[in-house]
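Hi,

Here is the structure I promised to send over.

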Amino acid sequence: MEKRSLEKSILLELERDHHLKIQEEVRSKLSSLEVCHQNEIQRTISAFARLQKYAESRKEIDRRLDVQFQRKIAEVLDKHLSMVQRDHEQKSQIVERRIRDDAAVEEAKRREQSMKEEKIKQERARQEAEARQKATAKLAADAQKAAYEAAQKEAVEKEAAKSRAEAVSTSSQISQKSVAHATIMAISTEIKSELPGIKIYADSSALEAESRRLALHDQVPSNIYLSKEYSRYDRQIGKSISKLMPTTDSVKARASELIKALDGQDCPRPIACRLFADKMISIVKSRNPTDKTFGKLAFACGYVMLLVTNQVPDAMDYLLAEFNKVCMYTVPKHLHALNAQARNTDYFRLIGYQEEDGKLQSTEKYLVNVVAYVKLYAAMIQTEIKGVRHPHGLAEGWKWLAMFLNTIPAIPATAFALHAFLKVAGFALHKKYGSQFMKILDVISRHFIPALKAQGSKVQPEAINNLQNYLNDKIYLEEPEGQYLAQQLLSKMFL
């Protein structure tokens, strides 16, 4: 029993020692694992810190590279814009130089032709003088024979003739004063007498100029193009204008053709000028004024009108008369109906409404035509060519703008007309008159636009927005598209 008890105790002791040894090994392993785990955590934290620091350094490097890249882009863009501006200026100078040179060549040719014609006229005059001398010599004998009889009658009628001359002189002076007074009164009352109940808004000097131009214009019958004698010239001028395109070559060719047609000896100058004015202004009807290219075409027309009127000054009065005839705002003038009875068909025809299929056109189409005519008028005014004198240039445009704001009321039609004029000629007027032009814009902002808004729903929002956007966006600082002609059409540049 004791031996078994001893063995059992030894086994128990060994088993306890084994358990303790195992526990110690487990604790040792757990301790080593914990240390490894802590080391791993520290390494992970260190790796994350290094990674974050690396990411921040990369961000800083990318930011520096981005700033440097943007600076380079800005420098390249600035250089490109400078080159484009310089190239544009060079092209403009080349265009002006070519037009000026061509005008000088045409002037030299015209002078040479006029010298030849003058020589021919002198030769004809010499021959006619010789013929008159022969006729005078033949009639001298008859005159001497009749002189004796006339001397006898002269003595008898001398006193009677003297008294009649005094009476005629007195009555003539009175008649001239009456006619002059009647003419002045007709300027301001002519339209009123035709259509009672209509008030005229216009400057007296503008009405006088309009009356003078229309009187000259109406000396040539409006249906002169129907005559067999002059229909050929009408077709020739119309064909030349119909081929006009907004390119330098087209402008030069058309201007040369028209100058030649107006200088022709077979067609009287007034008739040729009337046909030229009619065809040039009717381009609004023959082309689509709502098309985006109409603005460029208007500038091309301005160049042609300047080149032609520089060589044929008489044509300018016919052009202005035709402008005043088709659009009263080119005077500037406004006719206001004072009552509903006055707003009849004759009134609408008088202010420029046209007939379509036997009916008056809509107000929308009427406003489209008003804008087109005013754009064409403004394009002619603002066109300038170095070395070429403009008979109706920017000074007249400045005068037109002042009279418009001083006399014309603020209504939708006048707002559209004013915006069209500023859109085309505003850049040139601002360039020439500077601060004075800004005062004009201030008048529009402080008086014209508020007067439009005061009418409420009667005014189309577009009429107000056009003027406000023009002022707010400072459109007058931007060169209108097409003001300087291109050497060729853009469509041809990509062929």
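In which kind of crossing, left-handed or right-handed, does helix 13 pass helix 14? The crossing is left-handed. Bear in mind that this is a predicted model.

A bit more on that pair. Helix 13 covers residues 435-453 and helix 14 covers residues 461-472; their axes come within 11 Å and cross at roughly 150°. Angles over 145 degrees count as roughly antiparallel, so that is what helix 13 and helix 14 are to each other. On the helix 13 side, the contact is made by Phe 437, Leu 441, Ile 444, Ser 445, Phe 448, Ile 449, Leu 452 and Lys 453. Helix 14 brings Ile 464, Leu 467, Gln 468, Tyr 470 and Leu 471.

Ile 444 and Phe 448 turn up again in the largest nonpolar core, which has 107 residues. Together with Leu 262, Phe 276 and Phe 421, they touch the most other members. The largest share of this core, 13 residues, comes from helix 10 (residues 363-382).

Take Leu 262: leaving aside residues up to four places away in sequence, its contacts are Ile 237, Arg 269, Ala 272, Cys 273, Phe 276, Val 308, Val 312 and Ala 315.

A search of the whole structure turned up zero. For Cys 273, the closest cysteine sulfur is in Cys 267, 8.9 Å away, which is too far for a bond, because a disulfide needs the two sulfurs within 2.5 Å. Cys 273 is buried, at 0% relative accessible area, and Cys 327 is buried too, at 2%.

Cheers

Technical notes
Residues are numbered from 1 along each chain as its sequence is written. This is a predicted model: local features need pLDDT of at least 70, side-chain atom pairs count only at pLDDT 80 or more; totals for chains, interfaces and linings use all residues. Side-chain values use heavy atoms; hydrogens and water are left out. Buried means under 20% relative accessible area, exposed over 50%, partly exposed in between (1.4 Å probe, protein chains only). A nonpolar core is a set of buried Ala, Val, Leu, Ile, Met, Phe, Trp, Tyr and Cys residues joined through side-chain atoms within 4.5 Å. Helices (H or I, at least four residues) and strands (E, at least two) are DSSP runs, numbered from the N terminus. Contact means heavy atoms within 4.5 Å. Axes are lines fitted to C-alpha atoms, for helices over the stretch in contact, and angles run from 0 to 180 degrees between N-to-C directions. Angles under 35 degrees count as roughly parallel, over 145 as roughly antiparallel, 65 to 115 as roughly perpendicular and the rest as oblique. A crossing is left-handed if the near helix is turned anticlockwise from the far one by less than a right angle, and right-handed if clockwise.
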